[in-house]
Amino acid sequence: MEHGKEFIKNLERMGQRLRRDVILSIGTGVAGHLGGSCSSADLVAALYFYKMKHDPQNPQSEDRDRFLLSKGHVAILQYAALAESGYFPVEDLKHTKEIGFYLQGHPDFLKTPGIEAGTGSLGQGLSIGLGMALGMKLDEKERKVYVLCGDGEIAEGQIWEAAMAASAYKADNLVAIVDQNHLQANGRIKERMDSGSISAKFLSFGWHVIEINGHDMKEIIRALDEADTIKGAPTVIIAETVKGKGISFAENVVKFHNGMLNEEMYRQALEELI
Amino acid sequence: MSCTNQRTAYGNTLVELGEKDDRIVVLDADLGGSTMGKMFEEKFPKRHFEMGIAEANMTSVAAGLAQTGKIPFTNSFAVFSGGRAFDQIRQTIAIGKLNVKICGSSSGMSDFGDGATHQCIEDMAIFRALPNMTVLCPADANETAEAVKAMARMKGPCYIRLNRNDYPNVTEEGKPFQIGVPAVLKEGNEIAVFATGYMVGLALEAAGELEKEVSVKVINISTIKPMDEERVKELVKDCRGIVTAEEHNVKGGMGSAVAEVLRKECKPIEFVGVQDTFGSSAHKYQEVLNYYGLTKEEISRAIREINELTKERSSRK
């Protein structure tokens, strides 16, 4: 399906807006996972504001698509998407991680509307998503499950257990998205535990593989639409991204995985994220 | 139908539940022939998921199934159910109070041939340390059937530990299982024995043999968590001392749980169980039980010890 320029532009603006929300919610003097939030922001914007069927007024709607943030440490990005969708007030984002608050450091199913299951111990979201996909197949529901993973995260062996099982069960209602920003908490992935060719790995497990630029909204949309047409196999979208995207001093800088901003950085980030 | 094997009772009951409720789904990790998940698989192939030798994935998949309204039962040997998938259980199932039922089959020393790697002496400790988790350890096949029905009825995460081998039933067939309610199987007013799983039958035998010497109350405590604290305190009110008996490490298991509840009662307790050591292979179940002191003789010894100790104390008063 072709989309007008204005439609694409609006989604791009939403990606940028989510980044801005992330910076506003982190604020200054407290660490927050801004690097991986910024790399995933366009992907998440496309899911929540284009692809997924979901209802902020009825988060448990039977007829919804599901999203799991397997890279749960960027919960603030998902909170931004949920808030901008109308699940809860945008003003609440700045209270994230306050003691007892409903917006926790990692997604919490019991506390936050719109969260499908607790994630953040890395490597588990794809399996949880597969379980949902299998449950939806039993119920003959046509909806999809989207799972966002990090490229550092896929060092966890459970990802490949899930990759094998999803293929064995022909879970064509499961779509994995790997945010390939090339950095993990402590350094460059190539220098930590080189994951080699992610696409070759998923291909060998029997997945349909799509490689895209994770900051090109047209490519993101095309890939998500393509996944709808694939039958008999799960789809993985491998999205080439930049960690810290949109904030010049944070782009490709390891320490902003879970970075702290001073007043000057905070102001600069907000100025750049227009 | 009466049977004397907890695994068979488990398999039968899953099928029975599956017939009435299509939300019941079962997952196995290549051990369905042993966990008896295969009975469900034969009857309901679409609702049985063979996940291969990948317990972590199986457990998280079950979490996802629960989030679509299914009631998943995951099966493996107890060492793997909790051991290989602990993080998956903790992070998503326990924190989120998801409706996942976890079966630890071949628990305790019951997998006698396979040795320490497969003899699970720490599962009750592991599961009991998780908030939101219910932990069951039925005494026999009869109680297993009813406990599994109770698991399916309750909402939230639940672990059940089962024995691999055949042994006689000590509880009544078809008696509805109430989670959290300990049952007095034999009245007595000097020493209270709390026993769980396979050890319940041995505790009854020991108490019977000591009848002329000391009056022993035998309590089947098949819910390890949540424990009805008031009821447990009340049960020991008329007794001078306590013995616990479990096929589990004495560190962190049922005995520890009972001791936590009775911490202000000032009554001596002796723990019969595995004394903080791993297991070992044997040709017969009885050999390994004897080797680790999981016997009625050991329970009798503990009852006598606590009896003597508390008699001395009460005569000194």
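Colleague: How many helices and strands does chain A have?

Modeller: Chain A has 9 helices and 7 strands, where helices (H or I, at least four residues) and strands (E, at least two) are DSSP runs, numbered from the N terminus. Residues are numbered from 1 along each chain as its sequence is written, while chains are lettered from A and ligands numbered from 1 in the order in which they are written. This is a predicted model, in which local features need pLDDT of at least 70, side-chain atom pairs count only at pLDDT 80 or more, and totals for chains, interfaces and linings use all residues.

Colleague: What radius of gyration does chain A have, and what would a compact globule have?

Modeller: The radius of gyration is taken over C-alpha atoms, and the globule rule is 2.2 Å times the number of residues to the power 0.38. For 274 residues a compact globule would come near 19 Å, and the 17 Å of chain A agrees with that. The C-alpha trace of chain A spans about 50 × 45 × 40 Å along its principal axes.

Colleague: How many helices and strands does chain B have?

Modeller: There are 13 helices and 12 strands in chain B. Its radius of gyration is 19 Å, close to the 20 Å of the globule rule for 317 residues, so chain B is as compact as a globular protein of that length. Taken along the principal axes, the C-alpha atoms of chain B fill a box of roughly 65 × 40 × 35 Å.

Colleague: What confidence does the predictor give?

Modeller: Where pLDDT is low, the predicted coordinates should not be read in detail. The pLDDT, the predictor's confidence in each residue from 0 to 100, averages 97 in chain B, where 99% of the residues score at least 70. For the complex, the predictor gives an ipTM of 0.96 and a pTM of 0.97.

Colleague: How many residues does each chain bring to the contact?

Modeller: Chain A brings 22 residues and chain B brings 24 residues; two residues are in contact if their C-beta atoms, placed from the backbone, lie within 7 Å. On the side of chain A that touches chain B, helix H4 (125–138) and helix H5 (157–168) of chain A each supply at least two residues. H4(A) gives the largest share of that side, 10 residues. By class, the side of chain A that touches chain B divides into 11 nonpolar, 8 polar and 3 charged residues. Here Ala, Val, Leu, Ile, Met, Phe, Trp, Tyr, Cys and Pro count as nonpolar, Asp, Glu, Lys and Arg as charged, and the others, Gly among them, as polar.

Colleague: In which order do the strands of the open sheet of 7 strands in chain B lie?

Modeller: Strands of a sheet pair through backbone hydrogen bonds, either parallel or antiparallel. In chain B the order is S2-S1-S3-S4-S6-S5-S10, with mixed pairing; two strands pair if DSSP finds at least two bridges between them. Strand S2 (48–50) and strand S10 (223–225) of chain B are the edge strands, each pairing on one side only. Within this sheet, S5 (residues 134–136) and S6 (residues 158–161) of chain B pair in the parallel sense over 3 bridges. Leu136(B) has Ile160(B) in S6(B) as its bridge partner. Helix H8 (residues 141–153) of chain B lies across S1, S3, S4, S5 and S6 of chain B and runs at about 170° to S6(B). Such angles run from 0 to 180 degrees between N-to-C directions, with axes as lines fitted to C-alpha atoms, for helices over the stretch in contact.

Colleague: Which strands form the open sheet of 5 strands in chain B?

Modeller: The order is S7-S9-S8-S11-S12 (chain B), and the pairing is mixed. Its edge strands are S7 (183–186) and S12 (269–274) of chain B, each of which pairs on one side only. From one strand to the next, the twist averages 25°. S8 (residues 191–195) and S11 (residues 241–249) of chain B pair in the parallel sense over 5 bridges, and Ala192(B) has Ile242(B) in S11(B) as its bridge partner. Helix H11 (residues 254–261) of chain B lies across S8, S11 and S12 of chain B, at about 145° to S11(B).

Colleague: At what angle do helix H4 and helix H6 of chain B pack?

Modeller: Two packed helices are described by the angle between their axes and the distance between the axes. H4 (residues 55–66) and H6 (residues 86–94) of chain B pack at about 10°, with their axes 9 Å apart. H4(B) and H6(B) are therefore roughly parallel to each other; angles under 35 degrees count as roughly parallel, over 145 as roughly antiparallel, 65 to 115 as roughly perpendicular and the rest as oblique. Ala56(B), Thr59(B), Ser60(B) and Ala63(B) of H4(B) meet Gln88(B), Ile89(B), Thr92(B) and Ile93(B) of H6(B). This contact has 4 nonpolar, 4 polar and no charged residues.

Colleague: Where does the cis peptide bond of Lys225(B) and Pro226(B) lie?

Modeller: The bond joins Lys225(B) and Pro226(B), with omega about 0°. Pro226(B) is placed in the loop between S10 and helix H10 (229–235) of chain B.
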